[in-house]
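Reader: Can you walk me through this model? I'd like to start with the overall picture and then go to single residues.

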Amino acid sequence: MSDERPIPYDPEAERAVLGLAMFNEPGRQTVLDTLAVSEFHLPFHGRVFAALATLHHQSRPCDPKFVADEIAATAQEQDVLRQILADAPMSIRLAFYVERVAACAALRRTIGYAYEVGEAAREQRTDDVRILLRDVEKM
C-alpha cells in the first residue's frame with residue numbers, strides 16, 4: 001500500500017530561519033539554541049545550519065561567503081545561499097519561523113514512529129511496540 005501524502009515541511013520557513021541566522025546575531029543565537037540539524041528536512045538546509053553553528057562557535061562571520069566555504073558549496077549552492085539571505089524576512093518574525101520548522105520536524109518524527117510501530121505490530125513484535133509507544137508518549 002503506497003501513501004502519497006506529502007511529508008510535513010516548510011521550505012520557506014527553513015530558508016527564513018537560515019537567512020535570519022546569517023545576518024542577525026541575536027537571531028542566530030535563538031536559532032542555534034532552539035533547533036538542531038535534524039529538524040531541517042532539506043539536507044542542504046541542514047548543512048547550512050551546521051555550518052552556521054560551527055562558524056558561530058568559532059566566533060567567525062556567518063555570512064554566505066563563510067558558510068559557503070565551510071560547506072564547500074558548489075557555485076549553484078552559493079547562489080542559493082545568497083538568495084536565502086536576500087529573501088530573509090524581518091527578524092520580528094523569527095519566532096514564528098523557528099516554531100514552524102520545529103513543528104514540522106515533530107510531525108515528521110511522529111510519522112516515523114507511527115511507521116515503526118505499524119511495522120512492529122504487523123510482525124507481532126509486542127516488546128518493540130511497547131518501547132516505541134513509550135518513546136512516542138515522551139515526545
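Author: One term to begin with: buried means under 20% relative accessible area, exposed over 50%, and partly exposed in between, with a 1.4 Å probe and protein chains only. By that rule, buried residues make up 38% of the 139 residues in the protein. This is a predicted model, where local features need pLDDT of at least 70, side-chain atom pairs count only at pLDDT 80 or more, and totals for chains, interfaces and linings use all residues. Residues are numbered from 1 along each chain as its sequence is written, and side-chain values use heavy atoms, with hydrogens and water left out.

Reader: How many helices and strands are there in the protein?

Author: Seven helices and zero strands. Both are DSSP runs numbered from the N terminus: H or I with at least four residues for helices, E with at least two for strands. The order from the N terminus on is α-α-α-α-α-α-α.

Reader: What does the C-alpha trace span along its principal axes?

Author: About 50 × 30 × 25 Å. The accessible surface comes to about 8600 Å², and 55% of that belongs to carbon and sulfur atoms. Those areas come from the Shrake-Rupley method with a 1.4 Å probe; for residues, only the protein chains shown count as cover.

Reader: And of the contacts between residues at least 6 apart, what share joins residues at least 24 apart?

Author: 64% of them. Contact here means heavy atoms within 4.5 Å.

Reader: On to packing. At what angle do helix 1 and helix 6 cross?

Author: Roughly 130°, with the axes of helix 1 (residues 11-23) and helix 6 (residues 94-122) coming within 8 Å. That makes helix 1 oblique to helix 6. The classes are roughly parallel for angles under 35 degrees, roughly antiparallel over 145, roughly perpendicular from 65 to 115, and oblique for the rest. The axes themselves are lines fitted to C-alpha atoms, for helices over the stretch in contact, and angles run from 0 to 180 degrees between N-to-C directions.

Reader: Left-handed or right-handed, helix 1 past helix 6?

Author: Left-handed, meaning that the near helix is turned anticlockwise from the far one by less than a right angle; clockwise would be right-handed.

Reader: Which residues make that contact?

Author: Helix 1 brings Ala13, Glu14, Ala16, Val17 and Leu20, and helix 6 brings Leu94, Tyr97, Val98, Arg100 and Val101. By class, this contact of helix 1 with helix 6 has eight nonpolar, no polar and two charged residues. Ala, Val, Leu, Ile, Met, Phe, Trp, Tyr, Cys and Pro count as nonpolar, Asp, Glu, Lys and Arg as charged, and the others, Gly among them, as polar.

Reader: What about helix 3 and helix 4, how do their axes lie?

Author: The axes of helix 3 (residues 43-57) and helix 4 come within 9 Å and cross at roughly 105°. The two helices are therefore roughly perpendicular to each other. On the helix 3 side the contact has Phe44, Arg47, Val48, Ala51, Leu52, Thr54 and Leu55, which meet Phe66, Val67, Glu70 and Ile71 of helix 4. The residues of the contact of helix 3 with helix 4 divide into eight nonpolar, one polar and two charged.

Reader: Single residues now. Is aspartate 10 buried or exposed?

Author: Aspartate 10 is buried, at 16% relative accessible area. This aspartate lies in the segment before helix 1. Leaving aside neighbours within four places in sequence, aspartate 10 is in contact with Arg100 and Cys104.

Reader: And glutamate 4, where does that sit?

Author: Glutamate 4 is also placed in the segment before helix 1. With 70% relative accessibility, glutamate 4 counts as exposed.

Reader: Which residues does valine 80 touch, beyond its neighbours within four places in sequence?

Author: Arg15 and Phe44. Valine 80 is in helix 5 and is partly exposed, with a relative accessible area of 27%.

Reader: Backbone check. What is phi of alanine 72?

Author: Near 55°, a positive value in a residue other than glycine. Alanine 72 lies in the loop between helix 4 (64-71) and helix 5 (75-86) and counts as exposed at 61% relative accessibility.

Reader: What about phi of glutamine 124?

Author: Glutamine 124 has a positive phi of about 55°, although not a glycine. Its place is in the loop between helix 6 and helix 7 (126-138), and at 67% relative accessibility glutamine 124 counts as exposed.
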